[in-house]
Amino acid sequence: MTTAALEPRAGRRCHNMLNSLHATHYFSPDLGRELGAIGVTDPRAVNFAVRAAALGPVGAGAVTAAFYNYKYELVARHVPAVWETAAPGQVLAARARAVDATLRRLLGEEALASAEMAEAARLALRAAEACSRGARPLYAAHADLPVPEEPHLAYWHAATLLREHRGDGHLAALMSAGLDGLEAMVTHTATGKGMAPKWVCATRGWRREEWEAAVERLRGRGLLAASGDLTDQGDALRRDIEEETDRLDRAPYEHLGPEGVARLTELGGVFAQAALVAGAFPADLIGKGDA
């Protein structure tokens, strides 16, 4: 019997649903509350700590390399100093409490206890079995963490594994395309699907003049038009980057198979949409608006 082939963008669509739910905790008041309780109160320090904690008490260089689009000087203001306030293990435990509270608030107890949530967790963990550690530091670090017992936390954990696996591969594609961290953000924003400039500058540590300098470099390469939109060349480059990212991230979804991927995408979409409707994200997060 011939097994149906996985449609080229099926993995990307599935990832987008899973990543949407994963990302809710970064914008959740529960995260600030839980990290504040262990002494981490600066929002930027919170962000660096919760995502980097799986790596251990690393320094600013390692975090900048792994995150790619943050300015080193911003990272260095908070890392490694944050580990003197709270050890990585404490941060991971606080993050788990915040994720639990956030999902309960956004999705409701009925959804968390549902058969669909348990099914989504099984499918996502099955896909993650085929992720690879090589040259993927954030994925590899999170893969060493135990799988939570509760289905909604297991689903979030698996979504995190798949998110970081794709993200690590995406950085390789960006480097191959010759885009530094800020240029990558500028071109993504120009697609209309990335963070608005004001959010990039506020969270990544870049100044407006640095954003404009990146815009000029990209115009010089023929990737951005005077309007700030992507040129045909720029649009083609972004498509190539996403397709290369798809290729590097194909194994988990091939392992799950077309039917499993379709079902996980369906379930993930339901949960992500519920979180969106519940106000999980700022209304002005995505777009091309002025910084």
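How are helices H9 and H11 oriented relative to each other? In this predicted model, the two helices pack at an angle of about 30°; angles under 35 degrees count as roughly parallel, so H9 and H11 are roughly parallel to each other.

**The H9–H11 pair**
- The axes of H9 and H11 lie 8 Å apart, and H9 passes H11 in a left-handed crossing.
- On the H9 side, the contact is made by Met117, Ala118, Ala120, Ala121, Ala124, Leu125, Ala127 and Ala128.
- H11 contributes Pro151, His152, Ala154, Tyr155, His157, Ala158, Leu161 and Leu162.
- By type, the residues of this contact divide into 14 nonpolar, two polar and no charged.

**Helix H17**
- H17 covers residues 258-277, and its 20 residues should span 28 Å at 1.5 Å a residue; the end C-alpha atoms are 28 Å apart, which agrees.
- Its buried residues are Gly260, Val261, Leu264, Leu267, Gly268, Gly269, Phe271, Ala272 and Ala275.
- Those buried residues pack against H1 (10-22), H7 (88-107), H9 (115-128), H11 (151-176) and H16 (250-256), so H17 meets both members of the pair above.
- Gly279 follows H17 and has a positive phi, near 85°.

**Helix H7**
- Among the buried residues of H7 are Pro88, Val91, Leu92, Arg95, Asp100 and Thr102.
- Just after H7 comes Gly108, with a positive phi of about 90°.

Methods: Residues are numbered from 1 along each chain as its sequence is written. This is a predicted model: local features need pLDDT of at least 70, side-chain atom pairs count only at pLDDT 80 or more; totals for chains, interfaces and linings use all residues. Side-chain values use heavy atoms; hydrogens and water are left out. Helices (H or I, at least four residues) and strands (E, at least two) are DSSP runs, numbered from the N terminus. The expected span of a helix is 1.5 Å times one less than its number of residues. Buried means under 20% relative accessible area, exposed over 50%, partly exposed in between (1.4 Å probe, protein chains only). Contact means heavy atoms within 4.5 Å. Axes are lines fitted to C-alpha atoms, for helices over the stretch in contact, and angles run from 0 to 180 degrees between N-to-C directions. Angles under 35 degrees count as roughly parallel, over 145 as roughly antiparallel, 65 to 115 as roughly perpendicular and the rest as oblique. A crossing is left-handed if the near helix is turned anticlockwise from the far one by less than a right angle, and right-handed if clockwise. Ala, Val, Leu, Ile, Met, Phe, Trp, Tyr, Cys and Pro count as nonpolar, Asp, Glu, Lys and Arg as charged, and the others, Gly among them, as polar.
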